[in-house]
Amino acid sequence: MLLFVFLLVDALLSAHKNQQKLQVAHAQLQQYALQVEGQAALQERNRIAREIHDSLGHSLTAQTILLENVLLFWEQDTDQAKSYLVKAKDSAYQVLKDVSRSVSTLRDAPQPHKPLQTAIPDLVNKVCQATPMTPSYEINVTTRLSNELNLAAYRIVQEALTNVVKHAQATQLFVKLSTKPQSLYLQVLDNGKGFDPSKNTTGFGLRGMKERAIALGGTCQIWSSPGSGCRISVILPLPQSLSPLLGPQPVGHPTERLSKNLAEKSD
């Protein structure tokens, strides 16, 4: 009887300890769930912040340049000033569309972008048309890319071009995209005034480019120094399931002199 009572008490104590452990584990699980939820919310806020910065920042920069050109030609060439003013108006409409699209990301996933083979040349030409820069590009994408990769690569190039227009005072620009069996390679080079990357720690654009690359398991490196232009190099891994494209691929029209000069920087 004493042995039975001893075993019963021991079983009750063990059950009580297990219940306490279960309560502690449940509390920890709730805490972890809150942490995961908070982390997910933070990541989503960062994603939306990047979207707003990359799209609106790019559009507003282009609009500012157009308005500056209007003021520049206002008295000298009214027809040219008027054409820039019309483009600025169109840019304002584009800003409104970007705002609407950025707000919609709070509820919906981003819409797939058009293929990089056509999107990047359009972007380069559009950005440089109101600047003194001579643009060139080389596109050799031989693999079907996911919507996520398309959007990330496009936004990285867009932010890089926006930085060049805003800060570099460059006259030449070269953008290169190519795919290898396992990676997408992206480069943006300019011959502008350059900067010291170690001292540029507050720029949201540069940080956003790196965050986009890291989020997809890739890398983003920036080489620059005062007076030596800038080179941005991004490598994004490709999923193994992506298949090659069929048929001939569109090729960019790199300016020979620009290609030669800037390619030396990338070696």
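At what angle do helix α3 (residues 116-128) and helix α4 (residues 147-168) pack, and how far apart are their axes? Select both helices in this predicted model: α3 and α4 pack at an angle of about 15°, and their axes are 11 Å apart. Because angles under 35 degrees count as roughly parallel, α3 is described as roughly parallel to α4. If you then look at how the two helices cross, the crossing of α3 and α4 is right-handed.

Next, show the side chains where these helices meet. From α3, select Leu116, Ala119, Ile120, Leu123, Val124 and Val127, and from α4 select Asn150, Ala153, Tyr154, Val157, Gln158, Leu161 and Val165, which together make the contact. Sorted by class, this contact of α3 with α4 contains eleven nonpolar residues and two polar ones, with no charged residues.

Then select tryptophan 223 together with arginine 231, whose charged end sits over the tryptophan 223 ring, 4.2 Å from the ring centre.

Methods: Residues are numbered from 1 along each chain as its sequence is written. This is a predicted model: local features need pLDDT of at least 70, side-chain atom pairs count only at pLDDT 80 or more; totals for chains, interfaces and linings use all residues. Side-chain values use heavy atoms; hydrogens and water are left out. A charge sits over a ring if NZ of Lys or CZ of Arg is within 6 Å of the ring centre and within 35 degrees of the ring normal. Axes are lines fitted to C-alpha atoms, for helices over the stretch in contact, and angles run from 0 to 180 degrees between N-to-C directions. Helices (H or I, at least four residues) and strands (E, at least two) are DSSP runs, numbered from the N terminus. Angles under 35 degrees count as roughly parallel, over 145 as roughly antiparallel, 65 to 115 as roughly perpendicular and the rest as oblique. A crossing is left-handed if the near helix is turned anticlockwise from the far one by less than a right angle, and right-handed if clockwise. Contact means heavy atoms within 4.5 Å. Ala, Val, Leu, Ile, Met, Phe, Trp, Tyr, Cys and Pro count as nonpolar, Asp, Glu, Lys and Arg as charged, and the others, Gly among them, as polar.
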